[in-house]
Amino acid sequence: MHKNYGLNELREMFLKFFETKGHLRLPSFSLIPQNDASLLLINSGMAPMKPWFTGEQEPPRHRVCTCQKCIRTGDIENIGKTARHGTYFEMLGNFSFGDYFKKDAIHWAWEFLTSPEWVGLDPNRLYPSVFEGNETTPADDEAFRIWNEEIGIPADRIFKFGKADNFWEHGSGPCGPCSEIHFDRGEKYSCGKPTCAVGCDCDRYIEVWNLVFTQFDSDGKGNYTPLDHPNIDTGMGLERLACVMQGVDNLFEVDTVQRIMKHISSIAGVTYKQDEKTDVSLRVITDHIRSTTMMIGDGVMPSNEGRGYVLRRLIRRAARHGRLLGIEHPFLSEVVSTVIEENKAYPELAEKKDLIIRVVKEEEESFGRTIDKGMQLLSELMSDSDKKEISGADAFKLYDTYGFPLDLTKDILEEKGMTVDEASFEQLMKEQKQRARDAR
């Protein structure tokens, strides 16, 4: 059986391993993208390095490794409802800018995962996948051959998938096939179907590491030109690796995250896994307070637009779930210290601790003042409505007078199986913006 490493140990181990392979270890870049208008927040390990991949800038070294703070808010509504969604995660990555290519990337990934002096996973529980090719792009026979002949994995244990799974591209620009490494968590996670294998939607086989071989330039119209200097861009979710190593079901049960949740549980006087409803709230608060702490640490401040609005929304959602757990006082700022304690790898958090606590506290207190009045109004609307929908005008009043963003109203209504007339809400918002413009 492999060792049970803590999340912080795994981060350090990964970075050390790639330092032994001649990589320059860089600290995580800020969550605020620099000179990149296409992103609100950094959402992958390679995102801050785009100029090095495109060749616009010279990298500090042609081999680099990082553990990058990432935020993805595309599925914020799912946070808490499932145990697999989170807005904040850390992405481990090793990168080559025109230096080594597939052979080294595959050999080193395998060595890190299976060697007893590193992670030490059982090789028989790991399954690689490669790109099977299509009419515009050839199959990745090279990666298949390396896995099969050099690493020694039997052909029937190497899976071939199409573009959706094993080709990385984002519009036009550098792209290429990828090779994913999946871990078999065992029979108890299986859906039980006889066809269950790598690629199944159940929880048995989870993708741990994605090795992207950036070897083409796409014009976005289906034409791929080979790059003169192909690159390597790999990504392995730190929390996901920790789940595998610690034998837990999901990110909320990983050691560092669990300690944050325990702090919240003790404030609320509830226990995780005793009631599905309180579990949802515990997960929302745990996830959001991690994101919030990291964002403020990198200089994001609550506001009504852009990334400041993402932050405000996270704090307000967490605060409201605190109310659902019966916590009547502002409490999020108390949890910040535990988040910082569990993330010693990011010294900027400790340096800005007072600021982070103050911002969270002020935001939660100001929201607390309006939420009670707004909740009262919303309860009335919900109780005297025979309809399954509240009007856009009522939703707008909640927003305009009580600071209830539409998504919060929708969240609360959804719990009661109700909806809101969004089209008329949007219309009122438009009119208000126009009035503000005219006034200026």
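Good morning. A residue is called buried when its relative accessible area is under 20%. With that term in hand, let us turn to the structure above, which is a predicted model.

I begin with helix α13, which spans residues 392–402. Which residues of this helix are buried? They are Gly392, Ala395, Phe396, Leu398 and Tyr402. The cover over these buried residues includes helix α12, β10 (389–390), α14 (406–415), β11 (419–420) and α15 (422–439). Just after α13 comes Gly403, whose phi angle is positive, at about 70 degrees.

The largest nonpolar core has 110 residues, and the members that touch the most others are Phe112, Trp147 and Trp209. Helix α12, residues 353–383, supplies the largest share of this core, with 9 residues. There is also a second, separate core of 8 residues, and among its members are Leu26, Met46, Phe53 and Val64.

Let us stay with Phe112 for a moment. Its relative accessibility is 0%, so Phe112 counts as buried. Setting aside neighbours within four places in sequence, Phe112 is in contact with Met13, Phe14, Phe17, Trp118, Val119, Gly120, Trp209, Met236 and Leu241. Phe112 also belongs to an aromatic cluster, together with Phe14, Phe17, Phe18, Tyr100, Trp108, Trp118 and Trp209.

That brings us to aromatic pairs. A pair of aromatic rings is described by the distance of the centres and the angle of the planes. How many aromatic pairs does a search of the whole structure find? The count is 27. One example joins Phe112 and Trp118: the ring centres are 6.4 Å apart and the planes meet at 40 degrees, so this pair is tilted. Trp118 has a relative accessibility of 14% and therefore counts as buried.

A further pair is formed by Phe167 and Tyr224, and its geometry is edge-to-face, with 5.7 Å from centre to centre and 75 degrees between the planes. This pair links distant parts of the chain, since Phe167 lies in strand β6 (residues 167–168) and Tyr224 in strand β9 (residues 224–237), 57 residues apart. Phe167 counts as buried because its relative accessibility is 8%, and Tyr224 counts as buried because its value is 17%.

The charged end of Lys163 sits over the ring of Phe167, 4.8 Å from the ring centre. Likewise, the charged end of Arg185 is placed over the ring of Tyr189, at 4.1 Å from the centre.

I now come to the cysteines. A disulfide is a covalent bond between the sulfur atoms of two cysteines. How many disulfides are there in this model? The count is 0. The cut-off for a disulfide is 2.5 Å between the sulfur atoms. Cys175 is buried, with a relative accessibility of 0%, and Cys178 is buried too, with a relative accessible area of 2%.

Arg283 is located in helix α8, residues 276–297. Is Arg283 buried or exposed? Its relative accessibility is 5%, so Arg283 counts as buried. Beyond residues up to four places away in sequence, Arg283 touches Gly80, Lys81, Thr82, Ala83, Phe252, Met261, Tyr272 and Glu276. Along the chain, Arg283 and Met294 are 11 residues apart, and their C-alpha atoms are separated by 17 Å.

Thank you for your attention.

Note on methods:
Residues numbered from 1 in each chain as written. Predicted model: local features only at pLDDT ≥ 70, side-chain atom pairs only at ≥ 80, totals over all residues. Heavy atoms only, no water. Core = buried A, V, L, I, M, F, W, Y, C linked by side-chain atoms within 4.5 Å. Buried < 20%, exposed > 50% of the residue type's maximum accessible area, 1.4 Å probe, protein only. Helix = DSSP H or I, 4+ residues; strand = E, 2+ residues; numbered from the N terminus. Contact = heavy atoms within 4.5 Å. Phe/Tyr/Trp six-rings, centres within 6.5 Å; stacked < 30°, edge-to-face > 60°. Lys NZ or Arg CZ within 6 Å of the ring centre and 35° of its normal.
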